[in-house]
Protein chains: 2
Amino acid sequence: MVDVQLLQDVANRLRVLSIQSTNAANSGHPTTCTSMAEVLSVLFFDEMHQSLAEPRCPSSDRLVLSKGHAAPILYAAWAVAGLFPEEKLMDLRKYDSDLEGHPTPRLNIIDVATGSLGQGLSCAAGMAYTAKHFDKMDYRVYCILGDGEAAEGAVWEAMNFCQHYKLDNLVAIFDVNRLGQSGPTCLQHQTDIYKARCEAFGFHTIVADGHCVKAIQAAFAEAKATKGKPTALVLKTFKGSGIEGIEDKENWHGKPIGDKAESAIKVIESKMKNTRPTNVPMKAPKPVTTEALGLIKLNEPPAYSIGEKIATRMAYGTALEKLGANNNRVIALDADMKNSTFSEKFKKAYPDRFVECFIAEQNLIGVAIGCGTRQRTVPFVSTFGAFFTRAFDQIRMGAISQANIKCAGSHCGVSIGEDGPSQMALEDIAMFRSIPNSLVFYPSDATSTERACELAANYNGIVFIRTTRPVTAVIYDASETFKPGQSKLVRKSSSDKVLVIGGGVTLHEALAAAELLSADGVNIRVMDIFSIKPIDKQGILENAAQCGNKVIVVEDHYEEGGIGEAVSHVLAEAGGVTFRHLCVRGVPRSGAPAVLLDAFGISAKTIIRSVRDL
Amino acid sequence: MVDVQLLQDVANRLRVLSIQSTNAANSGHPTTCTSMAEVLSVLFFDEMHQSLAEPRCPSSDRLVLSKGHAAPILYAAWAVAGLFPEEKLMDLRKYDSDLEGHPTPRLNIIDVATGSLGQGLSCAAGMAYTAKHFDKMDYRVYCILGDGEAAEGAVWEAMNFCQHYKLDNLVAIFDVNRLGQSGPTCLQHQTDIYKARCEAFGFHTIVADGHCVKAIQAAFAEAKATKGKPTALVLKTFKGSGIEGIEDKENWHGKPIGDKAESAIKVIESKMKNTRPTNVPMKAPKPVTTEALGLIKLNEPPAYSIGEKIATRMAYGTALEKLGANNNRVIALDADMKNSTFSEKFKKAYPDRFVECFIAEQNLIGVAIGCGTRQRTVPFVSTFGAFFTRAFDQIRMGAISQANIKCAGSHCGVSIGEDGPSQMALEDIAMFRSIPNSLVFYPSDATSTERACELAANYNGIVFIRTTRPVTAVIYDASETFKPGQSKLVRKSSSDKVLVIGGGVTLHEALAAAELLSADGVNIRVMDIFSIKPIDKQGILENAAQCGNKVIVVEDHYEEGGIGEAVSHVLAEAGGVTFRHLCVRGVPRSGAPAVLLDAFGISAKTIIRSVRDL
């Protein structure tokens, strides 16, 4: 064990640097930092195995700072370790510094962005699960949570997951500093309640004085000795700890301490033996060699006959199985929907690479993000499309985390029928389009679904694949190629009067409409949008021009943020096109799929009417 | 107490009707229904006070069926009570019946839609809080949850809330039937773990045999006698209970039992004394008279001087206080952000009508929805705009619930500055626009913010008000009137070359650009979007035409689903306009607000460049 005085000195040095850097930035959360000074000092310089040379070393221990607003003290710890000069800390929160207000993976010391509270533990759980089951390495995972964020349900989803999967390589550290942003937290210093909750969620739980280095060291030793269950460390601390006149006082959240700094630092330094501990050594991770992920391909091309009727959700399961056959880093996660999303096909083929996350979609996404960090796995995540809305904040943070996850949402739109609106994804495209750097695919048949999954596996980022409940006819040959940003023409003549753009069920409605209209001598061009984001600007504009600049979009989605608005954005920037939008308006209801398509104006019948109008 | 045999007969009759109605629909979840047959029978015919004549009677007890897929048995209970003929149950899930696959308030027996799991308890908590603190009535609130959904974090957010506010008028009933959709639940029949968890979250907890009428009756009596804390009733049950060959078996989720029905019903009826209990009486609620909500007005008009600099988030707090002064049914809820969102102004003025929900946004929305049911209150909910993404699924379900809630999201866009992307709302407009029947207001000054709040209070539905962190200049006189679907021209001449549409900070950037351009002899028209949804189609098109059909939208939001796409949708349907969109592209970062506006291309400088390009 490392010398207690050194660790205490480091803790105080971290206090000083947190005060100074937030003062330099004239914003930030120094009091949130100082309550965790001791535990961070022990973690960095006594407990964890980390590498200055390779902060993202595959075998090093992981730390997730779920209370992301304490970023300055985390940065300070790396500076004290010698990763960069301490002066750089004074660039905190400046535009040209990567030391952002909350941690992001722009820094190679960060695996996942935090700052939206209550999300870190799920990511940590994903890392711990990966250590045990995919990496089969003995690195450990630590997550520091605030007490305020313990009110977030996502924390308890993660706790349940950790219990179920016996993640004894994970330690959840609750920094119970009593004060939230606008007042005391709801449990304040009632560590007994935290203890009861953690134990009820299956954690070996240790309550300790969070400002006592020795107690923290002992707790980590106990955690390491605990097998078969995760450990929770409930630390009683004080917000603003060590800052005279501010410690444990309200109204000091998210404020630099300004001109109180000088005297406060003097008091802190008076307690230190060595006031400038620098290049303090960390324990080294084990050397390890790992393979790059490489290209991920379907082990066999799609094998459907044109006209064959098969649900795209079923093809998703087949694609997953084929991708998994060729690459053992492909994993799948689901939230008790595997027999509806067909991820169960993957589970049957590779039970060791399937993670059942039960009905907890926030944790589902968080775990997937964690599993995908440091390129350890390529996670495919499935549930009903509608239920990804449950994890919008996690997906939003995933974009900031540069997460590499593939989300497959089944049961989109009114075409699911009788289950009714609660189960219908009608805002999923809007949601996933709004995620920066995301790809959004909406395959209309089984062949293109398999290819969408293959494209998704090889894109380093967040991908959404929208699948459909009812069967649809196969329209593409196995040899057809697909790429992001490329739509497909599925019906075309030299005398097309209107360009109709659809996806999923509505593409098939458009084809049916085209057939009927053609019998009446009216030709329309039918485009399969396939890639909603990026969208095929050129293809849309060229084909619109060839169809008399008349465009209809028909989609099983609400008006806002879906295919229609994506297309109208392209058209508006170009100008000169007449546009109509058929989509679901208002809250739908239960009924037979065909009845609903008609009632909500997205069936072949409505398309025909709209074409005639134009 | 009611005769046990009658209650057992009713339970079995509910089983039979659930089997028959799902068979008639050829879809649905009979096995999910039958596990709760006894508790529903006891609730309806022994425990709750409900009214056939007025199902939404303000003083009657509330029941929230959080496990919404068990809808058929709830409908059956009302039929057995005599609300409608039992034959109507056979229209389950048909388009022309309001007996939808999952419950919605299209039926007057339903207060909140369910079907996305884990949401009901928050709504129930809102109702129980309302009973105690706003209605000051003694109705009780019951919520039936599935065991699978206990994995949802939202449940534990709600539990924490119930504990904190000592909601002893609420009973959470866990129907622990062991089986989820695609396999066993993660805790199966470990009722001891449910008990430990519920107790750790402050519930008086009773574990009972969920198929024993007497045990359930005793449990409800014990709940009623328990003061100062809520009660949890953990019922050990069997999925498919009473259905021979199906009870406690896997692979029977969400499937009608088809041709097994006849023999199964025979077995069930063989246990009944009276196989057709009809018009079974319920206990009556207390008579009560309540007042309608009426018109809600600011008690004083906005009182700002043109040019005064004030943050719209601050004006939100002022507006809340003014609305609260005139109507004691206006309430406010926040998630530990009240000193940032300025809802603390309301708290200071009316502490009894402010509900601190701590950092748990899903529960925040759920509680608000519950508080707003049966027109009991008009809830205003505030947090950072970004963190409403945490509750997208709750808000989505809110639309199906016909919820009457007003959401105010502060800290939108990159203009918040140094805190960085995790705290910036950049997809909030996309999210709230996609909610059916929502209104979305984006006030650019303090005066219009107050009016937006007043409009919101009087709209029966979901409203989003987007407020800004930095100060902006007041541009409207107190006498200015605002309405949904009406944008405002804030700068206009007869020689305008371009129409620039902005909102919030970007409106002020547009005004600055106009000033600079005008010095160079170029006039632009500047429109304050104010109402993003509904959007001012006519105003936009007329003014675009008067500005040479050139339109620029500049917004502090991502490209997708925001003002730009809303406007481009209008323009595309009209055709013939040249359109440019200035917005935030890619994940932003920490930095000073002005630096970020410039770096992400939404400052006056960029607007000027874009105008010159056009």
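Helices (H or I, at least four residues) and strands (E, at least two) are taken here as DSSP runs, numbered from the N terminus. The structure is a predicted model, in which local features need pLDDT of at least 70 and side-chain atom pairs count only at pLDDT 80 or more, while totals for chains, interfaces and linings use all residues. Residues are numbered from 1 along each chain as its sequence is written, chains are lettered from A and ligands numbered from 1 in the order in which they are written, and side-chain values use heavy atoms, with hydrogens and water left out.

Pro72(A) belongs to helix H4 (residues 71-81) of chain A. Its relative accessibility is 3%, so Pro72(A) counts as buried, a term that means under 20% relative accessible area, with exposed meaning over 50% and partly exposed lying in between (1.4 Å probe, protein chains only). Apart from neighbours within four places in sequence, Pro72(A) is in contact with Ser18(A), Ser21(A), Thr22(A), Cys33(A) and Leu92(A), where contact means heavy atoms within 4.5 Å. Between the C-alpha atoms of Pro72(A) and Gly115(A), which stand 43 residues apart along the chain, the separation is 13 Å.

In chain B, Arg396(B) sits in helix H14 (residues 392-400), and with 3% relative accessibility Arg396(B) also counts as buried. When neighbours within four places in sequence are left aside, the contacts of Arg396(B) include Ala386(A), Phe387(A), Thr389(A), Pro421(A), Ser422(A), Met424(A) and Glu427(A) from chain A, together with Ser116(B) and Ile435(B) from chain B.

**Relation of the two chains**

**Helix packing**

Two packed helices are described by the angle between their axes and the distance between the axes. The axes are lines fitted to C-alpha atoms, for helices over the stretch in contact, and the angles run from 0 to 180 degrees between N-to-C directions.

| Helix pair | Angle | Axis distance |
|---|---|---|
| H5 (residues 120-135) and H13 (residues 361-372), chain B | about 55° | 6 Å |
| H6 (residues 153-164) and H13 (residues 361-372), chain A | about 70° | 8 Å |

The angle of about 55° between H5(B) and H13(B) makes H5(B) oblique to H13(B). Angles under 35 degrees count as roughly parallel, over 145 as roughly antiparallel, 65 to 115 as roughly perpendicular and the rest as oblique. The residues that make this contact include Ser122(B), Cys123(B), Ala125(B) and Gly126(B) of H5(B), and Asn363(B), Gly366(B) and Val367(B) of H13(B).

In chain A, H6(A) and H13(A) are roughly perpendicular to each other, with Ala154(A), Glu157(A), Ala158(A) and Phe161(A) in H6(A) meeting Glu361(A), Gln362(A), Asn363(A) and Val367(A) in H13(A).

In helix H21 (residues 604-613) of chain B, the buried residues are Ala604(B), Thr606(B), Ile607(B), Ile608(B), Ser610(B) and Val611(B). Among the elements of chain B against which these buried residues of H21(B) pack are strand S15 (496-502), helix H17 (505-519) and helix H20 (593-599).

**Annotated span**

An unreviewed UniProt entry lists residues 310-474 of chain A as "domain: Transketolase-like pyrimidine-binding"; UniProt positions are given in the numbering used here, feature names are shortened, and annotations may be inferred rather than shown by experiment. The end C-alpha atoms of residues 310-474 of chain A lie 7 Å apart, and the span is 39% helix and 19% strand.

**Backbone details**

Most residues other than glycine have a negative phi, and most peptide bonds are trans. The peptide bond from Lys533(A) to Pro534(A) is cis, with omega near -5°, and Pro534(A) lies in the loop between strand S17 (530-533) and helix H18 (537-546) of chain A. In chain B, a cis peptide bond joins Lys533(B) and Pro534(B), with omega about 0°.

Lys136(B), which is not a glycine, has a positive phi of about 50°; Lys136(B) is in the loop between H5 and strand S2 (141-146) of chain B, and at 65% relative accessibility Lys136(B) counts as exposed. Asn251(B) has a positive phi near 65° and lies in the loop between strand S5 (231-236) and helix H9 (261-270) of chain B, where at 59% relative accessibility Asn251(B) counts as exposed.
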